[in-house]
Amino acid sequence: MKVTLNWLRQHVDFAWSPDELAERLTLLGIEVEGIQRIAGDFDGIVVAQVLSRDKHPNADKLSVCRVADGRGERQIVCGAQNFKAGDKVPLILPGSALPPKPGDAQPFVIKVGKIRNVESHGMLCSADELGIDPEAIGHAREDGLLLLRGDAPVGQPFAEYLGRSGSDVVYDLEVTPNRPDLNSVIGIAREIAALSGNPLRIPAAELPAAAPDARPAVAVRLEAPDLCPRYTARVIRGVRVGPSPDWLRAWLEKVGLRSINNVVDVTNFVMLETGQPLHAFDLDLLAKVDGVPTVVVRRASADETFVTLDGVQRTLASETLLVADAGKGIALAGIMGGRNTEIQATTRDVLLESAWFQPTNIRRTSKALGLRTDASYRYERGADVGVAEAASRRAAALILATAGGALDGPVVDAHPEPAAPRQVTLRNHKVGELLGIQLPTEEIECHLQQLGLRPASRRPRPVDGEAPGAEEPVSWVIPTWRVDLKREADLIEEVARLHGVDKIPSTAPRGAKGSHPYDVVHDHLMEVRRFLVGMGLVEAQGQTLVGDALARAVNADVIALANPLSSDMDVLRPSLLPGLIDTLRHNLSRRNGDVQLFEIGRVFVQSGGQPREAWRVAIALTGLRAPAFWSGTDRDAKCDVFDAKGIVEELAEHLGIRGMAWTRRSEPTPFWVESATIALGGRQELGQLGQLSPVLARRHDLRDPVILAELNLDLLLARRNPSRSFKPLPAFPSSRRDVAMIVAESVTHDAVLAAVKGAKAGNLESVELFDVFRGKHVPAGQKSVAYAFTYRASDRTLKDEEVQAAHGKVLEALKAGVGAAFRE
Amino acid sequence: MSLLAQVDSVKAEALVALGDAADLPALEQAKGSFLGAEGRFTALLKQLGGLPREDRPAAGKSINAAKAEIEAALAARRADLELRASVPRDPADFTLPGRRRPSGRLHPLTQVTDDIVRAFRRLGFAVADGPEIEDERHCFDALNTPADHPARDAQDTFFLDLPSRPLLRTHTSSVQIRVMEKQAPPIRIVVPGRVFRRDNADATHNPTFHQIEGLYIDRGVTLGDLKGTVEAVFRELLGDDVKLRFRPHYFSYTEPSLEIDFTNSLVRKLGKEWLEIAGCGMVHPKVFENVGYDPEVWSGWAFGFGIERIAMLRYGITDIRLFYENDTRFLAQF
């Protein structure tokens with residue numbers, strides 16, 4: 001909503017500077033989003049009166065004058081001859097510039113200076129210097145100063161004298177959707193009036209009274225009173241449609257509206273002034289019933305078509321509200337008029353509509369047709385049903401003044417069932433209870449009255465039962481323009497606004513302590529994050545919305561958006577991996593090829609049409625395993641699946657989780673070239689880990705092996721076991737036995753461990769794999785593996801024979817269990 | 001020459017010889033020539049027996065002292081030569097880059113979220129959470145934003161292609177309803193989380209972003225309490241020099257509703273007087289009625305803001321998309 005300073009001043013007085021006004025409006029809840037200063041014509045030029053004229057002591061052709069400028073007197077040296085004391089002339093004040101003329105390199109700025117040793121504080125101007133044609137403004141063409149009308153007020157800005165727009169300030173206001181009344185100049189002025197205590201001025205709009213026996217020149221029939229409970233119509237005959245007067249054109253253009261013609265401009269002007277949308281029809285184009293043009297407000301029939309003012313043919317629905325005559329639609333109610341009854345240069349008779357339409361209906365139609373106008377914007381937020389007739393009267397008066405013509409008949413105000421004004425009860429003590437300050441009753445009531453609310457009744461004070469002095473709840477009558485005031489809390493907000501939120505003291509935090517089951521989960525998530533950061537991984541936060549193709553490669557049960565913005569963001573991520581792959585691609589495309597990331601976030605899948613959300617943690621590694629270094633044989637090593645597995649194992653250990661079982665997928669999948677599923681406790685699937693299919697990787701411009709892992713974080717946290725207990729440090733020495741053996745390729749590390757476990761060897765403290773080798777001296781299809789077995793007793797040093805006996809059982813079990821052939 | 005004089009002179013020679021030994025073999029040789037079985041100092045010891053009985057204790061004492069002195073010098077010299085012998089042949093260039101270990105980082109949004117959560121927790125708030133896939137009731141209707149309400153326009157919503165037509169929550173306020181449905185008042189929670197709006201990505205928009213909000217419901221909660229907590233949280237977050245301004249505004253689920261502007265040296269450096277940072281208000285009585293709380297008994301406030309915005313301000317980041325691109329050179333800066 002745009003308003004100008006001068007327009008507001010038409011309706012209310014205030015002594016604030018333009019910036020102060022912006023500040024006050026903002027703190028009142030009308031945020032000023034922009035301030036634009038408009039330089040007027042003839043800035044710094046005022047009407048001055050010559051008080052005395054004397055000859056310049058040092059120059060024959062100059063005179064020294066004393067002039068009044070409206071604020072005081074000043075001395076001016078002047079070379080013109082055509083004036084005398086008492087004349088009114090244009091004076092340009094020091095610091096201001098003469099109107100620029102074509103060819104001027106820079107503006108000519110008037111300064112205080114001496115002319116032949118006499119100071120001059122400004123300059124009296126000729127018509128030529130002002131760049132105006134004196135005859136065009138009804139003045140005589142003179143050699144010398146431009147002589148102004150004798151009744152011109154001294155000090156009046158010259159632009160005002162000429163009837164042109166002076167400088168102004170345009171405010172761009174953010175009006176919240178609950179306050180449709182603020183989409184009008186008067187609405188804003190009303191707030192200023194309430195804040196300043198100055199009265200609000202609403203133009204009287206007197207119309208010549210219709211003859212007592214005059215018949216209405218138009219009939220109105222409301223066929224859908226639920227959608228249009230009030231419709232007013234006035235007829236003005238014999239208008240001359242033409243350009244608007246300068247003041248009207250200037251008012252509209254300053255707030256960004258294009259001038260069309262005097263009649264249409266008046267309807268727009270009154271809409272801006274009062275917030276009430278109006279529409280003017282060419283009356284002669286309406287069908288007549290019994291010789292009387294008739295307006296019918298009705299629902300459209302389904303698939304009825306209608307051509308709006310913009311020339312677009314629109315197909316209507318049965319809930320579309322249509323303003324029609326006896327035969328055809330003439331306006332899309334509350335949104336846009338019809339081409340068939342548009343005001344044109346030839347229009348003689350005007351039908352002026354000012355009505356109230358139901359907001360939800362207007363909103364639905366406007367949305368369905370994709371057609372938003374200044375009118376629909378106001379109607380869908382809620383217009384003021386009470387102002388409809390007054391706005392029509394104001395518009396009619398302005399049309400008569402700008403386009404001529406005469407009223408025909410009285411106003412038709414179809415408003416069969418005016419709603420009783422809404423009343424809201426306020427218990428004054430509730431104001432203090434909600435705001436935390438005690439306000440005197442007088443202040444509360446004063447604020448509400450300043451906003452146009454009126455006390456309806458006071459509940460009679462009970463004779464007994466309540467303590468004397470108990471306050472009475474007051475029922476307030478809500479003015480029709482305040483559609484947002486519906487209950488007690490709304491009135492309390494009004495009091496808070498006018499009192500000033502900044503004056504409400506802050507209270508130090510107090511009261512109940514909070515609790516929520518998620519509180520501890522937040523800590524666990526942060527714990528996992530911090531742990532993975534400690535592992536050297538950088539945390540990523542990916543998009544929740546990802547592309548369908550990659551998402552489906554991970555999980556077929558994706559949830560699609562019904563209204564996506566683009567095809568690369570059309571489903572909810574069923575896994576964190578697609579996002580991480582995207583992130584890797586982004587990094588690689590910027591030549592950042594060594595990336596080790598994790599992400600913790602929610603994923604979404606559906607089962608049986610029901611959405612499910614779950615927390616996941618995922619890891620993505622690619623490129624060099626370790627930061628670059630200038631020496632060492634391992635420096636070029638790239639990340640492999642065991643880097644990721646090591647991180648997963650560390651995390652599990654940190655969380656106190658045991659019993660992860662890893663199973664290699666025997667076949668590659670479209671997503672994984674080689675991967676394993678991870679189960680917990682033998683049953684529940686914890687996640688998966690592996691290397692991304694190089695085919696897929698190349699499609700994402702990834703060259704090095706991409707190692708990915710994703711775990712079910714809900715499960716991980718559910719199994720989290722933070723309890724720890726102390727185990728005494730070993731007091732006696734251990735014995736170590738190394739074993740190198742050849743086994744079939746199919747024998748897994750898990751199988752070896754199972755065989756060892758089956759041996760039930762006494763005092764076996766640990767089994768550690770330290771080498772896996774294939775190649776020279778190892779037959780094809782087999783591999784050499786080397787383990788270190790550590791034996792230790794907690795209460796004594798083991799004897800060699802004891803170790804030997806236990807180790808012998810282990811070797812037997814390995815032979816029997818995994819077919820191990822020992823190497824010497 | 002008396003025996004004692006000889007001891008002094010041999011000791012002095014021994015100390016010189018030990019000091020002159022250039023390496024460990026030379027040192028061992030020097031040791032042998034003084035302290036070995038045939039060594040010169042050993043020979044002096046042997047003369048001790050030839051002294052008169054009354055002189056022996058004094059002489060023995062000084063010989064032992066001299067021997068201890070030589071042995072100490074020997075040990076010191078040996079330690080010194082051993083150390084020198086183990087200096088690496090190729091000297092290290094300490095200006096070479098060190099062998100770096102990968103160091104991880106928390107995402108800047110995580111860091112900022114956790115700082116905010118910590119500020120709220122210090123005031124007794126518990127962290128709460130709710131689903132990101134929501135229904136219209138929790139996201140709009142129960143929050144007093146009925147269908148066809150113009151306020152819904154401002155939050156263009158993603159809907160899901162599922163039979164129940166769920167949506168992605170457009171704000172964390174849906175969690176208010178979830179929590180109030182489950183828990184009896186009083187309530188004191190802080191809710192960080194992801195929210196979604198159907199905006200094309202640009203420097204200030206991403207379809208996914210994060211909000212955080214606090215909710216406090218109790219008996220006798222006032223607007224003054226709201227202001228007090230907002231000030232405490234933002235002072236902790238933005239520093240003690242922060243100034244706040246509360247402006248009346250409109251949200252359908254609070255009444256009165258306020259927007260919060262802040263200013264500090266950073267804002268002034270940006271050439272602005274105030275920057276909008278958060279919205280808040282007293283919980284609308286209709287919202288209480290919608291979850292079955294009696295608005296005559298309970299009152300409360302809600303206060304929420306965008307996490308990206310705080311992070312962008314704190315670090316001077318000008319493009320929101322950087323948060324979601326996860327360029328590790330970006331992430332490593334925080």
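In the predicted model, strand 33 (residues 672-680) and strand 34 (residues 684-692) of chain A run antiparallel and are joined by eight bridges. Within this pair, A:Glu674 of strand 33 faces A:Gln691 of strand 34 of chain A. Both strands belong to an open sheet of seven strands in chain A, ordered 27-30-31-35-34-33-32, in which the pairing is mixed. The edges of the sheet are formed by strand 27 (538-540) and strand 32 (660-664) of chain A, each of which pairs on one side only. From one strand to the next, the twist averages 25°.

Helix 14 (residues 518-534) of chain A lies across strand 27, strand 30 (595-607) and strand 31 (610-622), and runs at about 145° to strand 30 of chain A. Helix 16 (residues 577-589) of chain A also makes about 145° with the direction of strand 30 of chain A. The contacts of helix 16 with the sheet involve strand 27, strand 30, strand 31 and strand 35 (706-712) of chain A.

The domain assignment divides chain A into domain 1 (2-39 + 167-196), domain 2 (45-161), domain 3 (219-414), domain 4 (424-460 + 471-502), domain 5 (520-628 + 635-718) and domain 6 (735-822). The C-alpha centres of domain 5 and domain 6 of chain A are separated by 35 Å. Further along chain A, strand 36 (residues 735-744) is joined to strand 38 (residues 782-791) by 10 bridges, and the two strands run antiparallel. A:Ala740 has A:Ala786 in strand 38 of chain A as its bridge partner. Strand 38 of chain A is also paired in the antiparallel sense with strand 37 (residues 764-773) of chain A, over eight bridges. Here A:Leu769 stands opposite A:Tyr787 of strand 38 of chain A.

A helix-helix contact in chain A involves helix 12 (residues 441-450) and helix 13 (residues 488-499), whose axes are 9 Å apart and meet at an angle of about 95°. Helix 12 of chain A is therefore roughly perpendicular to helix 13 of chain A. Helix 12 contributes A:Ile444, A:His447, A:Leu448 and A:Gln450, while helix 13 contributes A:Leu491, A:Glu494, A:Val495, A:Leu498 and A:His499. The residues of this contact comprise five nonpolar, three polar and one charged.

Chain B is divided into domain 1 (3-85) and domain 2 (108-331), with 86 Å between their C-alpha centres. Helix 1 (residues 3-20) and helix 4 (residues 56-85) of chain B have axes that come within 10 Å and cross at roughly 0°. These two helices of chain B are therefore roughly parallel to each other. On the side of helix 1 of chain B, the contact includes B:Leu3, B:Leu4, B:Val7 and B:Lys11, and on the side of helix 4 of chain B, it includes B:Ala59, B:Ile63, B:Glu69 and B:Arg77. By class, the residues of this contact are 12 nonpolar, two polar and three charged.

The contact between the chains takes 84 residues from chain A and 80 residues from chain B. On the side of chain B, helix 8 (residues 223-238) gives the most, with eight residues. The side of chain B that touches chain A has 42 nonpolar, 17 polar and 21 charged residues.

Conventions. Residues numbered from 1 in each chain as written. Chains lettered and ligands numbered in written order. Predicted model: local features only at pLDDT ≥ 70, side-chain atom pairs only at ≥ 80, totals over all residues. Axes fitted to C-alpha atoms, helices over the stretch in contact; angles between N-to-C directions. Helix = DSSP H or I, 4+ residues; strand = E, 2+ residues; numbered from the N terminus. Parallel < 35°, antiparallel > 145°, perpendicular 65-115°, else oblique. Contact = placed C-beta atoms within 7 Å. Nonpolar A, V, L, I, M, F, W, Y, C, P; charged D, E, K, R; others polar. Pairing = 2+ DSSP bridges. Domains from an automatic or database assignment.
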